[in-house]
Structure formats: structure tokens, C-alpha cells
Amino acid sequence: MTKTAAILGGGVIGGGWAARFLLMGWDVRVFDPSPTAEETLNAMLGRARRALPALYDVALPAEGKLSFHGTISEAVDGAVWIQESAPERLELKQKLYQQVQSVCDPEAIIGSSTSGFMPSELQSCATRPEQIIVAHPFNPVYLLPLIELVGSDKTGPDTLDRAKDLLETVGLFPLKVRQEIPAHIADRFLEAVWREALWLIKDGIATTEEIDDAIRMGFGLRWGQMGLFETYRVAGGPAGMAHFISQFGPALEWPWTKLMDVPELTDELIEMIASQSDAQSGHLSIAELESLRDGNLIGMMRSLKARGSAVGKVLADHEKTIEPVMPDLMVPMITLDRQVPTDWVDGNGHMNESRYVQAMSEASDRFLLWIGTTPDYIATQGSWFTVENHVRYLAEVMIGDRISATTKVLEAKGKKLKLFYTIRCNGEVAATVEQLLIHVDMQTRRAGEPPAEMADLLTRIAEAHAAFGVPEGAGGTGRR
Ligand SMILES: NC(=O)c1ccc[n+]([C@@H]2O[C@H](COP(=O)([O-])OP(=O)(O)OC[C@H]3O[C@@H](n4cnc5c(N)ncnc54)[C@H](O)[C@@H]3O)[C@@H](O)[C@H]2O)c1
């Protein structure tokens, strides 16, 4: 059954939450008193529709229903998750919870996006403190998976676990924080770095651009895939972490940091930072910077997904939960349904020719899996190797387009298998591919017969598919 989330406050963060839930198939009900809230949130949703599906190699669930409401009671109606992303003012948030709790389902979870308040502060005037937790996200919420989940001693015993389970279904990575502290875990680091950066600018040692270069050209990339401790472990070499600490530990006693001392944010310092930032990035609008950021994040996250590493593991694991289930194999079937990601497009602004074959290859992998070519089968017995492909390029496919492939078995005789793929985009046939495969014994890596069970299944599928006729464009392979 479709789940419903209520979003209270639909700005930068609330809009990102709304987009994440919607694109993962939830209905979303929004309350935001600003007259421009609907317009702002729709603009964010437009960006998210281009970005989030580009991380996945399968289609996301059908989008949920978005609605805007003039009262809190309407917005929280039927919601199992209520996400508060109102401005960072304690009394405002506390008042909001009193209104929410007078009308919402007592079983619903109320998560706050607060960057700094502790759950006990948020809960202090609440009717049911156990219902309120911190669920602190990172901008853009529709791409970045980390959610810091924080409870207090008043939080219900299983609330954080229920929250974690629910958020995982929409592809998020909930990190349970063991104990409440102001600013949770991640913002503590950001605050420390921010303090150092302000000193470096005030003392004239670095500009905003030089500070950003120092991060993005070096350690920022290391942090993105290994974090702090795993990176230092590697730096310590075979001698290990203890050696690393004994080598660099003494530096902690030197005056390398001014963490406890904060520069006064005078008008002069603020002006210096603002004008340096204008010089650095003023040639780009915020919308242009946002799409640059999204494209960069997608590229890095997809690359990590290919290795199942860090944020990429979260993506890969979530993708498995929304993989298509095996359809009836006795009729030509959908073996691919996905959006065209940014990196599949070439200089002509359309999908590169090699990616048509990649799409076919993904479809092929799925079909072969369904007939029994599992990772275990490949490791211990056999597999199917492509010996020939015949591609017909029939229509352009653009970035963000949703493409599907239908697979038909043209011929299955012992170790020889001939498949035909029709790739469609926007209701039009964009390409056809005919693929000739040979079954291989993986011990000898030479052609060999598939097991009788697999061969029988393929024969039955080929006979059943023959009733659907010979597709236009078939006959391109096996002419040698
Ligand atoms: N911006 C970030 O990078 C970031 C990151 C993580 C968490 N947060 C936290 O998220 C929360 C929201 O921050 P933001 O950056 O989205 O701010 P924002 O100003 O972009 O959005 C706040 C929204 O709340 C609406 N609002 C005002 N009063 C309201 C009320 N009584 N009920 C419902 N909505 C109301 C406003 O109209 C606005 O649309 C804050 O608690 C902030 O600390 C922000």
C-alpha cells in the first residue's frame, strides 16, 4: 500500500525530503505558510526528477502524489512519517509539535531536520515526547543518503529502529547516534572546519577559492570514499593505525589549530568573505551551481556504486530492493526499464552508440539470470558469452529519457542462443539488437552444452516466443 509522508516546511531541506519520498513512490502532503512554497518546491522536484533516477540502473517506483495543504491537520492526515523542516528556531519547532500532536496519528514518527537542537530540547513541551526524534539530513536530500537519527531518554524504545527501517526503503542511510549532543556528529566536523576557514581568511592566509581548492583537490576526495579513520589507516601503511598515531600524535600539541578561539564576524570580515566568494563563483547562478553540484555528485556516486564502496554500497543495496521481479518468460518480456544517466551522453547531446549496447547487455544479464545463470552457476559451472551483436540505431535518446528493452528468444539450440532486443524510448523503437551467444564451460572456458534443465527451458521459451512472429530487423547475426 502507498505510504504517506507529511512535510512541514518545504524550503531547501523540506523540498528535498518531499522529492525523495515522492520519487520513491510515497504520497507527500506539504504544509508551509509561505505563499511561494509550492513554486519553490516544484522547482526542487524538477531538479530531483533529473538527478535521483540517474543514480539507479533500474526504474524507480511510480511517483507518488504531491499535495499542498493550508492546515497542519490536513497535511498530517494518514501520514506514517512527519518530517519537520521549519526554520532553526526552538520555540517555533516546539509550538509546531504541539499543533501536530493534537491531530496526528500517535504511531507516526515525527522527525526533525534540525541541524543543532537535541531531541530532549525539541521534546520538552510535547504531549508525547517519545514520538519525536531528530532525523538530520544533508543537502540535497534527494541525492545524499546520510540521515543522523538521534533520540533522547524519552524516545520510544523501538522508535529509532522503526525510523531506520522506514528510511532505508527510500534509499537513505540512517546513522543512529548513540547519545544526543548539540549538532549531532557531522555538523561538529563542519563547524570545526568552518572555524579554521574563517581564521585563514581573516589572517589573509587563504581566499575562499584557495580554501575550496585545498579541500576538493585532495583530502575531500579521500574523505568521500573512505572517511577519516580508514584514510589514516592506509596512510599508516603496513605498520598500522597505532604507528600512524604515534607518528602524527605529537602534532596535536602544536598550535596547528585555533579551534577554541573564534574570529569575530565583523562587517569587514563578512564583506571580505562575500566579495571573495563573488569573485570565485559569481559568474554562475545558484541554479547553475546546483545542477553542477548534482551532476558531480551523480558521477562520483555512480563510480562508487560500480565498486560497491562507501555511499555506492548504500545505492547498490537499495537498488537490489527495487529490482524487477521475474515476469512470465513464455512471452517476450521487459528485461530493462531505466533512465538514461548523465554520463551516457556524447558530444551530439544524445545517448552514445556504445550505450545502446550497454543497455542491451544489462537486459541480457537480467534474462540470463532469470534462466538460471546466477553468480553461483557462473562461479561453479558455466556462462553465456556473446559472439556477435547486430545493432540498428533507429532514434535518438536524450539524457534523462526512460528506456525499456523487450527480449525475444529467436533460437535456442544446445549451446547456441539467439536473442532479439527491442529498445524503446517515449513509445518509439529507438534501436534493435540481435545477439548471438554461446554457452561456455567456465572450468575450461570453452564452448560446451548447457545443463539439460537450462536447455529445456530455453527450448520451451523459444517455441512459445515463435508464436509472436519474426521481429522486423531480425536475421542480422550468424551469417558467417
Ligand atoms: N540548509 C541546510 O543545508 C540544512 C541541512 C540540514 C538541516 N537543515 C535544517 O533544516 C531546517 C530547515 O532549513 P532550510 O535550510 O530548509 O530552511 P528554509 O528557510 O529553506 O526553509 C524553511 C521553510 O519553513 C517554512 N516555515 C516557516 N514557518 C513555518 C511553520 N510554522 N510551519 C511550517 N513551515 C514553516 C518557510 O516558509 C520555509 O519554506 C532547519 O532546522 C535547518 O537547521 C538545514
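**Entry 1: the ligand**

I looked at Ser115 to begin with: one of its polar side-chain atoms lies 2.7 Å from an oxygen atom of the ligand. I count this as a polar contact, a pair of N or O atoms within 3.5 Å. The model is predicted, so I note that local features need pLDDT of at least 70, side-chain atom pairs count only at pLDDT 80 or more, and totals for chains, interfaces and linings use all residues. Residues are numbered from 1 along each chain as its sequence is written, and side-chain values use heavy atoms, without hydrogens and water.

Then I looked up Asp32. A polar side-chain atom of Asp32 lies 2.6 Å from an oxygen atom of the ligand. Ala86 uses a polar backbone atom, 3.3 Å from a ligand oxygen.

**Entry 2: Thr432**

I found Thr432 in strand β13, residues 428–441 (a DSSP run of E, at least two residues). Is Thr432 buried or exposed? Its relative accessible area is 4%, so I call it buried (under 20%, 1.4 Å probe, protein chains only). I skipped neighbours within four places in sequence and looked for contacts, heavy atoms within 4.5 Å. Thr432 touches His390, Val391, Arg392, Leu394, Phe420 and Tyr421.

Methods:
Helices (H or I, at least four residues) and strands (E, at least two) are DSSP runs, numbered from the N terminus. Buried means under 20% relative accessible area, exposed over 50%, partly exposed in between (1.4 Å probe, protein chains only). A polar contact is a pair of N or O atoms within 3.5 Å; within protein, one must be able to donate a hydrogen and the other to accept it, and residues adjacent in sequence count only if both atoms are side-chain atoms.
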